[in-house]
Amino acid sequence: MTAFVVRRLAFACVTLFAVLTLVFVLVRIVPGDPAQLILGDQASREAIDALRQRLGLNLPIWEQYLVFLAGALRGDWGVSLVSGQPVIGEVLKVLPWTIQLTIVSLILGIAIGVPLGVYAAIHRNRVIDYAVRVSSLLGLSFPPFVAAIILLLAFAIALPWFPVISARSGSLAAWYQSITLPAVSLGLITAAYVTRVTRSAMLEVLSEDYVRTARAKGVPWNAVVWRHALRNALIPIITVVGLYLGILIGNSVLTEIVFSRPGLGKLLIGALNQRDYPMLQGMMVIYTLIVVLVNLLTDLAYGVADPRVKLK
Amino acid sequence: MKKLVIAVMGAAFLAAPLAFAQKKSLVVGMGSADAGKLDPHIASTTPDKGLLSWMFNGLVRLKPGSINPEFIEPDLAESWTSNPAGTEWTFKIRRGVQCHHGYGEYTADDAAFSIRRAANKATSSYSNDFSAVDKVETPDKYTLKITLKSPVAGFLGYVANVNGGNQVCKKAVDEMGENFAKKPIGTGPFMFAEYQPQQFVKLTANKQYFRGAPALEEITYRYVPADSARDLAFQSGELDMIYGKQDQVWMDRTMKLPGVKVVAMEPGELSVLSLNITVKPLDDIRVRQAIAYAIDRKAIVVFKGAGSSRVAVSVVPSGYLGTDEKAPLYPYDPAKAKALLTEAGFPNGITIKTIHTTLTGMQTLIEAVQAQLKKAGINLDIELVEHATFHAQIRKDLSPIVHYQAARFPVADVYLTQFFDSASIVGTPTAVTNFSHCNVADADIRAARSATDPAKQKELWKAAQEKIIKAVCAVPVYEQLQLWAWKDTLDLGYQLQGSLNLSPPITEKTRFTK
């Protein structure tokens, strides 16, 4: 187990290195000059060139790369070209917002999706099953930002229960007010995914011999469904949840903008617009790390859900 | 499930009602995701400039609410004089002005420091504006003397409360260095208090403000990038003042809200098509004239909305000191355009490329222009790229036609110099935004810059505009005004016609009436 984790983390380092190199080159290939963007459109070429020099952007790209790698190895990810602040600090300031939103919407998605999926599976081809399938399809096909606007119109304007600017903090009530609508907006889409996977995984398991055996020997139906069947259907659910976590963090970009929440997504958009190379590099490290960690956790969760899975 | 729904709704009720803003505190919603560098000599975006303008003063200022450079009034300088040649300027600094947060008295030293800082390429986006500055001296604690190498048209504008004219406190810059942009220190009615990334900047009243303590106690400047979210938050009362979506539909819709004031203010950003006169087929003046004849400026204004836009009058925005309000622009005449094209050897029409930004307001305009040009047999091939790419590529001469939309300090010289003086041609070391490679009006632009007789100066500017129009270096299209909305219980404390910082000034007199 420990060996497995260590090996996976070692692989993660290789992945990180590859991603970093790719990002480093890509962001520089894209046209756009950070110095010009910082100084604005009334600055002369001379002023822009002077700033480029100060930012080290006039060095050959391989030299910039070496400087960057040397810094990265020391744990120095550079400073944002726009704000002049260390990249890591800027990322850490908003990271909690994104993580909270992701986790709460994931929990919401599982809490809604798993019971609905199970319920639909055991009522296969009945009205309730169709209703669940149609609504989950609707959830999947609905653009998240549209859902977000509808939620705002309903629960911030028509019924003024929540703020439009979902960025309050400081107290539990403020936190709850700020997270509810964004989390519901993302959570419903997650729930749609989870419902569909749970339903199909359950259908497969419910037709297994051991389920029939369990019923035949008189195990109560509820216990058969929740203990025998669901437990065995967990692996595909965990896989989807793990995969979806990555998507969720990506989806949060739009959610953050519509709900005016701080977060990684907004930081990324800003860094892209401003061609803030160090910031983009730093953020890619964070995103890659998150995906690698989630994959690792997913693998570990397989072992917990199904003791037959051996991690080597 | 039912229980869960009830629990969630119950909890929502518990948390409601929301706390509304106190009426001594103003909450502004700005359409950007975050603050940039909050340094008045660096900031070049509308969101940053607007916020900083509430914290800083100039040596002189434009009357709040006005953008007319002929009505300049004292700010940190109580009075000023200049020699007849306009090359030596002496400013008497107001006594007893305090820098924010205990950084001491603002004196001539700070003034000299600010001018030098704004003139320095390494610390300023506006160093160009001060290229004529020769010496900055402080004969005594309250006197500042600026010597120019040559006279500068509208020099006072460069030391006014906009861009490089903003006055910083030396001690604060020295102490904080790069961190000055994290906690900007000025002398204005409001002081920097707090910054939360991607959320807001909070300003508090400067009780020692030399014009008197502000009526408002606090300003929260919130970053709300989504237009829809800003509108909704304004409706729900979370925001008192918002930066509008810059189009007529928004304006019409917002005006229908109760208790709301919607304003389309100066300056108008002039939308111009710069035609690169050095590349084929635009090097043929007949092709350029054809483009000019093919554009129906009045129809564009109908399309853009008459409340928020107006017809372009010249290659310089209207209302500037020196703008020729009756410049001889080409009338709309598609038949003539076609004839000119045929004459130039393109009887079957012509295709010309433009690299264009995806910025919505600008994109809808170029599409309207494309439709108009089509009628004259000119096929405009629009290559859409995102905004930063656009800025990079047009500066590399990659776009034969460049659509640019901008407002500048309202003296014709600034616009003419940046867009039409050959020194500003893109690709050169002194490049600014001359995308057309225009060089036909250099003599007039430069002579006007150092002309000391105002009447003569205006004549030279007029001549320059005529030459540029005649050579069709650029085709002006329309002007976009700045749209804002606020609760009608907010009294700005002055008559608002416009603001050079593109945000309404919030002064010591701004207050809520209820």
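Modeller: Residues 95-298 of chain A form a span that is 84% helix and 0% strand, with its end C-alpha atoms 21 Å apart; here helices (H or I, at least four residues) and strands (E, at least two) are DSSP runs, numbered from the N terminus. Please keep in mind that this is a predicted model, in which local features need pLDDT of at least 70 and side-chain atom pairs count only at pLDDT 80 or more, while totals for chains, interfaces and linings use all residues. Residues are numbered from 1 along each chain as its sequence is written, and chains are lettered from A and ligands numbered from 1 in the order in which they are written.

The label for this span comes from an unreviewed UniProt entry, which annotates residues 95-298 of chain A as "domain: ABC transmembrane type-1"; UniProt positions are given in the numbering used here, feature names are shortened, and annotations may be inferred rather than shown by experiment. UniProt (unreviewed entry) also places the feature "transmembrane region" at residues 99-122, 134-162, 174-194, 233-259 and 279-302 of chain A. Of these stretches, residues 134-162 of chain A are 79% helix and 0% strand, with end C-alpha atoms 29 Å apart, and residues 233-259 of chain A are 96% helix and 0% strand, with end C-alpha atoms 35 Å apart.

A separate division of the chain gives domain 1 (1-74) and domain 2 (87-305) of chain A, with bounds that come from an automatic or database domain assignment. The centres of these two domains, taken over C-alpha atoms, are separated by 32 Å. Their contact takes 15 residues from domain 1 of chain A and eleven residues from domain 2 of chain A, two residues being in contact if their C-beta atoms, placed from the backbone, lie within 7 Å. On the side of domain 1 of chain A that touches domain 2 of chain A, helix H1 (2-29) and helix H2 (34-39) of chain A each supply at least two residues, and the largest share, eleven residues, comes from H1(A). By class, that side of domain 1 of chain A has ten nonpolar, two polar and three charged residues, where Ala, Val, Leu, Ile, Met, Phe, Trp, Tyr, Cys and Pro count as nonpolar, Asp, Glu, Lys and Arg as charged, and the others, Gly among them, as polar.

Ala47(A) lies in helix H3 (residues 45-55) of chain A and is buried, with 23 other C-beta atoms within 10 Å; a residue is buried if 20 or more other C-beta atoms lie within 10 Å of its own, exposed if 12 or fewer, and partly exposed in between, with C-beta atoms placed from the backbone. Leaving aside its neighbours within four places in sequence, Ala47(A) is in contact with Leu39(A), Lys121(B), Ser125(B) and Ser127(B).

The contact between the two chains takes 46 residues from chain A and 49 residues from chain B. On the side of chain B that touches chain A, helix H1 (2-15), helix H6 (227-235) and helix H12 (387-394) of chain B each supply at least two residues, and H12(B) gives the largest share, six residues. That side of chain B has, by class, 23 nonpolar, 19 polar and seven charged residues.

Chain B itself has 15 helices and 19 strands, and buried residues make up 54% of its 514 residues. One of its helices, H13 (residues 412-420) of chain B, is mostly covered, with nine of its nine residues buried, and these buried residues pack against helix H14 (442-449) and helix H15 (454-470) of chain B. Strand E12 (residues 260-275) of chain B is largely enclosed by the rest of the structure, because twelve of its 16 residues are buried. Twelve bridges join E12(B) to strand E17 (residues 474-487) of chain B in an antiparallel arrangement, in which Leu273(B) stands opposite Val475(B); two strands pair if DSSP finds at least two bridges between them. E12(B) also pairs in the antiparallel sense with strand E16 (residues 401-406) of chain B, over six bridges, and there Val272(B) has Tyr404(B) as its bridge partner.
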